[in-house]
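Reader: Could you walk me through this one? I'd like to start with the overall picture and then go into some details.

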Amino acid sequence: MIEFRDVTKRFADGTVAVDHLNLVADAGKITVFVGPSGCGKTTSLRMVNRMIDPTSGTIIVNDTDVMKTNPAKLRRGIGYVIQQAGLFPHRTVLDNIATVPLLLGWPKAKARARAAELMELVGLSAEMARRYPAQLSGGQQQRVGVARALAADPPVLLMDEPFSAVDPVVRANLQDELLRLQSELGKTILFVTHDIDEAIKLGDKVAVLRTGGILAQYDEPGTLLAHPADEFVEGFVGRDRGYRGLGFLSADGLPIGELATVPLGTPSATAREIIGDGWAIVVDTDQRPQGWVRVGQLADGPVTADSLTAGGSLYDTEAGSLRGALDAALSSPSGLGVAVDADGAVIGSVSAEDVLAVLDDARQAEIGVS
Amino acid sequence: MSWLQRNLDFVLGLMREHLALALIPVLLGLVISIPLGWVASRNRYSRAALITITGVLYTIPSLALIVILPVLLGTQILDPINVVVALTIYTVALLVRSVADALAAVPKASVAAATAMGYRPLRRFLAVELPLSVPVVVAGLRVAAVSNTSLVTVGALVGVGGLGQLFTEGFQRDIPPEIITGIVLVMVLALLIDGLLLLVGRVLTPWDRVGTGAGRTS
Ligand SMILES: Nc1ncnc2c1ncn2[C@@H]1O[C@H](COP(=O)(O)OP(=O)(O)OP(=O)(O)O)[C@@H](O)[C@H]1O
Ligand SMILES: [Mg+2]
């Protein structure tokens, strides 16, 4: 757990970077600091490992006041990932990752073995071990940065815009990997970004800061989208927040309707009977959806994969968010979203009307409660 | 050629002396320049002060320095220490700037990352900042070493100039082959030292030559 108690940072030139910050970042969770440039995100983060000391207030990391610790020792127990990775250009990937274990006095062989383990964990192939950072792509460098921060297995991880310098596809990839890692490792993570979408995607809780280092709102992402505290937060969480907010609403109670399915290779006469005058979804032998088909599309022979209408997004009932269900319905040519199970097999359909009905019930319930 | 053959032992002795007079100051100068360069890289003011002082030192004529030093140091005029001290001063004058620039050019993110990982300042300097400044420092070192190799000859005017003595003696006794031998050997020495330093620099910085993008896959 990381706790900010009334923390203020005023720099020598009078700039107040952080203003009376009170906040508890839960153990084992990802807490995201988000806000416009200059709102004090980096300063807040660096006060946790004493790269910057607060002007007043207290920061507690796992029951210890950081101001009462030795800075170098404190830092060896807190992983830190920075923008541009900040790798050591003169050390190989393996030696970059082994940095903290070596500082902690591990024998070289053990530190390197641990580094190799981490390369695998963050998805770097073993042949990269002896490369220098200049020989890696931006995304790979960030992976090395994450591996290096994790090398000594610190309970706390600070990440300052770690993915902001890579292209959107790589970024989405790295975000997914971080969530996967976190589900395995359960670290207490403070994550800084100026990208609200990244904050919403990664954060168990999100702290929105405004210029001047003032905490505007601290809530779970769903709450942030549904109930922004003020105009600043509302403006910051951006457009489509109603739609994006559906991502945080459970689809419990959403009915899964029937859906006509036609296995690939079905003779057209049989297919015609199944389809009737509507649409049917064509599936392979594992019941995975291949595309939609209508009577008019049927040729004389058996149903083949190349004569189908492309489907929309799939609604994964396992993840079960209303956003997924609504998007599946809206993007489907038939107006019915295809619901699949964890293996990707078709189990039925969802409709936009049903999603809206569930949403309405949720609203009624909320009004009833409050 | 025949002059060189007859005086080979004499010339080799001078060459040894020349090497020592040129390279000992390079080493001393490097050792002194690293802390000074570090101070200069700390902030604008220390940089301005140090660069100005060393700049002024470099403008002192070498012969004047070699003649004044015995007075300042209390040494004999013929003591090789004078030449060593004079050339050390020139080396420092050249290298402080190189070291300061090299340290200032170390990526800030790498230094911040090193701090964040728990390096204490001295160890961080030795493990991260200094190694990363090697390419620029070696470049400065090559200039200083080559310049020293030719400056040593000035010492011949006070009797300790390594191969420079071939010039003075050659002139006094009117032996042109001796003068030419001196000039050629000084140049050869300078080139050899330069090449050697280049090589040492390369061996120390394998990371500096991996092409960005050369080995890239994504
Ligand atoms: N060493 C310093 N001296 C004076 N002011 C500083 C110093 N470091 C940061 N500041 C100021 O404090 C404020 C907060 O800076 P900080 O780096 O924490 O912002 P940030 O939220 O991380 O911004 P960005 O998104 O641009 O990284 C800014 O106004 C900045 O100019
Ligand atoms: Mg920042």
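Author: What follows goes through the two chains in turn. Keep in mind that this is a predicted model.

Reader: Start with chain A. How many helices and strands does chain A have?

Author: Chain A has 14 helices and 16 strands. Its C-alpha atoms fill a box of roughly 80 × 55 × 30 Å along the principal axes.

Reader: And how much of chain A is buried?

Author: Of its 370 residues, 48% count as buried. The accessible surface of chain A is about 16,500 Å², and carbon and sulfur atoms supply 50% of that.

Reader: What does the domain assignment give for chain A?

Author: It gives domain 1, covering 2–248, and domain 2, covering 261–359.

Reader: How many residues of domain 1 of chain A are in contact with domain 2?

Author: In chain A, 4 residues of domain 1 are in contact with 6 residues of domain 2. The centres of these two domains, taken over C-alpha atoms, are 41 Å apart.

Reader: Which residues of S6(A) point which way?

Author: Ile78(A), Tyr80(A) and Ile82(A) point one way, while Gly79(A) and Val81(A) point the other way. Side chains in a regular strand alternate between the two faces of the sheet. In S6(A), the residues pointing either way are all buried.

Reader: In what sense do S6(A) and S7(A) pair?

Author: They pair in the parallel sense, over 5 bridges, with S7(A) made up of residues 156–160. Within that pairing, Tyr80(A) stands opposite Leu158(A) of S7(A).

Reader: Different spot. Where is Ala362(A)?

Author: Ala362(A) sits in helix H14 of chain A, which covers residues 352–369.

Reader: Why does Ala362(A) count as partly exposed?

Author: Because its relative accessibility is 35%, and partly exposed means between the 20% limit for buried and the 50% limit for exposed.

Reader: What separates the C-alpha atoms of Ala362(A) and Asp176(A)?

Author: Their C-alpha atoms are separated by 29 Å, and the two residues are 186 residues apart along the chain.

Reader: Over to chain B. How many helices and strands there?

Author: Chain B has 9 helices and 0 strands. Along its principal axes, the C-alpha trace of chain B spans about 70 × 45 × 25 Å.

Reader: What share of chain B is buried?

Author: Buried residues make up 45% of the 218 residues in chain B. The accessible surface of chain B comes to about 11,200 Å², with 71% of it belonging to carbon and sulfur atoms.

Reader: What about contacts between residues 24 or more positions apart in chain B?

Author: Counting contacts with a separation of 6 or more, such pairs account for 73% in chain B. The corresponding share in chain A is 61%.

Reader: Which residues form the nonpolar patch on the surface of chain B?

Author: Leu63(B), Val67(B), Ile77(B), Leu78(B) and Leu157(B) form it, and together they have about 440 Å² of accessible area.

Reader: Where does Leu157(B) lie?

Author: Leu157(B) lies in the loop between helix H7 (121–151) and helix H8 (164–172) of chain B.

Reader: And does Leu157(B) count as buried or exposed?

Author: Exposed, because its relative accessibility is 55% and the cut-off for exposed is over 50%.

Technical notes: Residues are numbered from 1 along each chain as its sequence is written. Chains are lettered from A and ligands numbered from 1 in the order in which they are written. Side-chain values use heavy atoms; hydrogens and water are left out. Patches are made of residues with over 30% relative accessible area and no salt bridge: like charges are joined within 9 Å, nonpolar side chains (Val, Leu, Ile, Met, Phe, Trp, Tyr) within 5 Å. Accessible areas come from the Shrake-Rupley method with a 1.4 Å probe; for residues, only the protein chains shown count as cover. A salt bridge is a side-chain nitrogen of Lys or Arg within 4 Å of a carboxyl oxygen of Asp or Glu. Helices (H or I, at least four residues) and strands (E, at least two) are DSSP runs, numbered from the N terminus. Buried means under 20% relative accessible area, exposed over 50%, partly exposed in between (1.4 Å probe, protein chains only). Two strands pair if DSSP finds at least two bridges between them. Contact means heavy atoms within 4.5 Å. Domain bounds come from an automatic or database domain assignment.
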